[in-house]
Amino acid sequence: MDALLASIGKNLFLVFGLLACGGSLAMVGSRSAVHSVLGFLFAMLNVAGCFLSLGAEFLGMAQILVYAGGIVVLFLFVVMLVELSRAKNRDQSVFAGQARAVLPVVLAGIAALAVVVKDAAFGAASPQALVLRPGIAEGLDVARNNAQAVSRGLFADYLLPFEVLSVILLVALVGAVALAKSERV
Amino acid sequence: MPSPNAVLLLSFVLFSIGAAGVLVRRNVLVMLMSAELMLNAANIVLIAFARHSGTVAGQAFALLVMGFAAAEVAVGLALVVALYRKRDTVNADDLDLLKG
């Protein structure tokens, strides 16, 4: 059992990758759009796990925040708005009867994941995950402070793309409001 | 640390699933999600090579790609909502105004 857990902990990237493939297959293959969004959420969370196991802690957390917190919720809103009239008669009783059985399974899964991830998450930081130029790495333990390291690299070398991105986000915000508002108001 | 081949293989599989989703599905929402999946497959490769070379460039660009993906989703979903208002459908096969 310990050997199995240890080998899973060493190959976390493959575990998360296979789960991401499964989630994306469920996304493409499912008939109902709500199930597609749930498969998409599962795939994105597992991609975040891949990022974490590749040593990009900041990006993994940003992936969870941006996708699970923002994009999936937006997709769900639009699916509810657009598809609800068609899916109403079919999807009404999908989750109501199963909720009691699902909860223990989810809790057991979380407990198993905590056991597996414990060593990978709280073990020693891997050496040389990221190397910054000497000029911008001053006074920073790069191996342990991924967010600070990424931000120093980003704002030292890639400031212009970052600013362009902020302008594009502003344009997308205004454009989305202009496209989606009803024409009468 | 996974081997580069494993990372490339996973990214290839995810990208193919996303491309297949765009090509096969007719629901515009699922096509948008599949496009997001392709962007994420590219992000995995960027981060893996950042990890291998030890430079910060890959992680910085992955962050930028994430922001672009968010902008794309905002505009795309606004288009879907406007489309649903006008044509009462989200099926890509029904959008044949330009067909001769």
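Residues are numbered from 1 along each chain as its sequence is written, and chains are lettered from A and ligands numbered from 1 in the order in which they are written. Because the model is predicted, local features need pLDDT of at least 70 and side-chain atom pairs count only at pLDDT 80 or more, while totals for chains, interfaces and linings use all residues.

Confidence comes first. The average pLDDT (the predictor's confidence in each residue, from 0 to 100) is 81 for chain A, and 82% of the residues score at least 70. Residues 88–96 of chain A fall below 50, and beyond near neighbours in sequence this stretch has 2 contacts in the model; two residues are in contact if their C-beta atoms, placed from the backbone, lie within 7 Å. Where pLDDT is low, the predicted coordinates should not be read in detail.

Chain A has 7 helices and 0 strands, where helices (H or I, at least four residues) and strands (E, at least two) are DSSP runs numbered from the N terminus. Of the 185 residues in chain A, 27% are buried. A residue is buried if 20 or more other C-beta atoms lie within 10 Å of its own, exposed if 12 or fewer, and partly exposed in between, with C-beta atoms placed from the backbone. Among contacts in chain A with a separation of 6 or more, 48% link residues 24 or more positions apart.

Within chain A, α2(A) and α3(A) make a helix pair. Their axes come within 7 Å and cross at roughly 160 degrees, which makes α2(A) roughly antiparallel to α3(A). Here axes are lines fitted to C-alpha atoms, for helices over the stretch in contact, and angles run from 0 to 180 degrees between N-to-C directions. Angles under 35 degrees count as roughly parallel, over 145 as roughly antiparallel, 65 to 115 as roughly perpendicular and the rest as oblique. Residues in this contact include Phe13(A), Phe16(A) and Gly23(A) of α2(A), with Gly39(A), Phe40(A) and Asn46(A) among those of α3(A). By class, the contact has 12 nonpolar, 8 polar and no charged residues; Ala, Val, Leu, Ile, Met, Phe, Trp, Tyr, Cys and Pro count as nonpolar, Asp, Glu, Lys and Arg as charged, and the others, Gly among them, as polar.

The contact between the chains takes 53 residues from chain A and 45 residues from chain B. On the side of chain A that touches chain B, α2, α3, α4, α6 and α7 each supply at least two residues, and the largest share, 12 residues, comes from α4(A). That side has 44 nonpolar, 9 polar and no charged residues.

One helix pair spanning the two chains is α7(A) with α3(B), residues 57–87 of chain B. Their axes lie 9 Å apart at an angle of about 10 degrees, and the two helices are therefore roughly parallel to each other. Leu165(A), Ile168(A) and Leu169(A) are among the residues of α7(A) that meet α3(B), whose own residues in the contact include Leu64(B), Phe68(B) and Val75(B).

Ile71(A) is found in helix α4 of chain A and is buried, with 24 other C-beta atoms within 10 Å. Leaving aside neighbours within four places in sequence, Ile71(A) is in contact with Val66(A), Ala70(B) and Val73(B). Val34(A), in helix α3 of chain A, is partly exposed, with 17 other C-beta atoms within 10 Å.
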